[in-house]
Amino acid sequence: MGELDRPAPPLHRRREGGVPERKRLRRAVPQPLADRADRGPDAHHRLCHLSERNRVRKLVLAGLLLGVLAGCTVGPDYRAPVGAVPPAFREASSATIAQPVDRWWERYGDPALVALVDRAIAANGDVAIAEARIAQARARADEARGGRLPQLNGQGSSTVRRLSENGEQLANIPTDLVQPDLDYTVYRAGFDASWELDLFGRNRRQVEAAEARLGSVAEARNDTLVRVAGDVARAYADYRAAQRRIVIANETLAAARQTADLTDRLARAGEEAQSEVQRVESLAEESAAALPPLVADAKAALYRLDVLLGAQPGGAEALIAASPTSALRAPDVPVGLPSDLLRRRPDIRRAERELAAATADTGVAVADLYPRFSLTSTLGLEALSIGDLFDSASRYGSLVPGFSLPIFDGGRRRAVVRRQQALVDENLASYNQTVVRALSDVETALLRYRQDRERAERLLSARTRLTRTLELARLRYRAGEASLTDVLDVQRQVSALDDRLAQAEAVVIIDAVSLDKALGGGWQVATVAQADAGAATRVQR
């Protein structure tokens with residue numbers, strides 16, 4: 001409150017030589033027409049009725065005007081885009097048209113995988129970060145909704161003041177008649193209220209944008225869930241494949257050492273050349289050299305699982321230890337129709353929400369071209385004594401309607417509108433590109449899944465044939481028609497083919513996981529109960 005708005009200091013009459021207090025002059029108040037003697041009772045009734053009707057008519061018209069203006073929301077209204085998708089996937093067979101499964105990891109036949117994915121969904125660090133971002137976006141949406149409502153603040157103060165005897169506030173006071181109090185205290189209490197009338201929908205568009213961005217952040221969390229579930233399944237498949245290859249490598253190494261020992265005995269007996277001994281021992285060393293990388297691959301997969309589970313190193317290994325053997329297999333993956341991707345893929349849903357937010361932001365920019373109206377009011381009590389603060393004479397108040405009208409800004413506001421419209425075009429193009437990329441992901445995953453599965457089946461057929469060859473070699477060895485070296489050579493070939501088959505089957509499983517990820521499955525399981533369980537798990541850690 002400025003100096004001119006402060007209450008005037010209390011004035012007192014001089015004690016010596018004072019002037020008698022003047023009598024107050026009462027201003028004659030004109031009598032209302034309805035109370036004059038020349039007006040009868042009927043005239044009084046007609047006048048009051050006419051005044052009441054005019055008052056009601058003005059209130060109705062004002063209400064209608066405010067209603068019309070309140071419903072005026074400028075800027076473009078959002079319409080969800082219709083993604084152009086084909087009627088079916090090119091690489092899909094008729095057997096895979098069924099609807100995709102949300103908890104797709106349960107179809108891989110491994111309880112350990114189910115436990116790992118469920119644990120990761122509840123405790124993964126990236127999921128926790130995404131949940132926190134959702135809380136932030138939800139708070140911003142609540143903040144935008146609160147901006148549409150009137151704002152009310154309470155205030156109170158007790159101010160001790162002293163006036164300057166030579167200041168401007170005492171310049172016009174006749175000091176020969178009165179003696180002002182230079183020291184006094186002002187007590188003040190009241191409320192300040194303000195409300196921006198959203199006549200052109202600026203605040204409504206801000207709420208729309210905030211809610212759309214909340215949806216976008218939620219879909220980003222869902223995309224994280226899809227990625228985490230897929231990464232867990234892939235890391236687990238890599239670990240089981242490394243385990244299997246380690247077993248095969250140990251079998252190959254044992255066969256190679258057995259062959260080296262036999263060759264060495266034959267060389268000592270003069271039945272084999274020393275060069276053959278060196279050759280088979282070299283093969284044994286080569287087989288032994290294949291083990292360390294496989295051990296490293298297995299441990300690296302476990303450490304990847306630890307990160308995905310949000311656990312310390314060794315946590316995933318403890319969970320997997322409960323299932324030493326694995327029944328992991330690649331299932332048939334139902335893909336549904338391309339139109340299902342528009343509602344299943346979180347990245348598509350997120351792109352759609354970003355487009356909605358950009359459209360709402362354009363409405364905010366357009367609304368800035370129009371006037372902004374507001375109401376500001378103050379109501380309170382003010383007195384020079386605390387005992388007089390709650391008297392009716394201490395009341396003060398004000399009601400200030402105001403508006404702000406843009407007149408000249410050098411084209412800045414219209415440039416903002418053009419920028420927002422270009423941003424809408426960018427988000428629309430991004431949405432269409434996301435749809436195209438999603439379709440390509442599914443087609444590529446289907447192609448690789450089918451081709452790699454066919455390769456694994458052919459390797460399995462070759463392995464079956466080579467196994468028969470090994471059995472025949474053993475029969476010939478028992479009959480004395482073949483040497484043990486011939487049998488061990490065929491055994492080494494079987495082990496090498498087993499290693500290739502293990503790799504091929506692991507690739508098929510990973511292809512199935514990639515296909516499930518491309519179909520957007522996994523985020524639907526993130527219920528409120530699971531989110532609470534994840535929060536409890538993180539608190540315990």
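Predicted model: local features only at pLDDT ≥ 70, side-chain atom pairs only at ≥ 80, totals over all residues.
## The four-stranded sheet

Let us start with the strands. Four of them make up an open sheet, arranged in the order E2-E4-E5-E6 with antiparallel pairing. The edge positions belong to strand E2 (151–162) and strand E6 (395–404); each has a single partner strand, so one side of each is left without a neighbour in the sheet. From one strand to the next, the twist averages 20°.

E2 runs antiparallel to strand E4 (residues 183–197), and the two are joined over twelve bridges. Within this pairing, Leu152 has Ala193 of E4 as its bridge partner.

Asp181 and Arg162 are 19 residues apart along the chain, and 8.6 Å separates their C-alpha atoms.

## Two antiparallel helix pairs

Next come the helices. Two packed helices are described by the angle between their axes and the distance between the axes. For helix H3 (residues 125–146) and helix H4 (residues 202–268), the packing angle is about 170° and the axes are 8 Å apart. H3 and H4 are therefore roughly antiparallel to each other, because angles over 145 degrees fall in that class. The contact of H3 with H4 contains 13 nonpolar, two polar and ten charged residues.

What angle do helix H10 (residues 412–478) and helix H11 (residues 484–518) make where they pack? The angle is about 160°, and the axes of H10 and H11 lie 8 Å apart. This pair, too, has a clear reading: H10 and H11 are therefore roughly antiparallel to each other. The crossing in which H10 passes H11 is left-handed. Sorted by class, the residues of the contact of H10 with H11 are 24 nonpolar, four polar and eleven charged.

## Aromatic pairs

A pair of aromatic rings is described by the distance of the centres and the angle of the planes. The model has four aromatic pairs in total. One of them joins Trp104 and Tyr108, whose ring centres are 5.9 Å apart with 70° between the planes, an edge-to-face arrangement. Are these two residues buried or exposed? Trp104 has 0% relative accessibility and so counts as buried; Tyr108, with a relative accessible area of 0%, is buried as well. Trp104 and Tyr108 also belong to one aromatic cluster, together with Trp105.

Another pair takes us back to the sheet. Phe373 and Phe403 form a tilted pair, with 6.1 Å from centre to centre and 35° between the planes. Phe373 belongs to strand E5 (residues 372–383) and Phe403 to strand E6, so this pair links distant parts of the chain, 30 residues apart.

Notes
Residues numbered from 1 in each chain as written. Heavy atoms only, no water. Pairing = 2+ DSSP bridges. Axes fitted to C-alpha atoms, helices over the stretch in contact; angles between N-to-C directions. Parallel < 35°, antiparallel > 145°, perpendicular 65-115°, else oblique. Left-handed = near helix turned anticlockwise from the far one by under 90°. Nonpolar A, V, L, I, M, F, W, Y, C, P; charged D, E, K, R; others polar. Phe/Tyr/Trp six-rings, centres within 6.5 Å; stacked < 30°, edge-to-face > 60°. Buried < 20%, exposed > 50% of the residue type's maximum accessible area, 1.4 Å probe, protein only.
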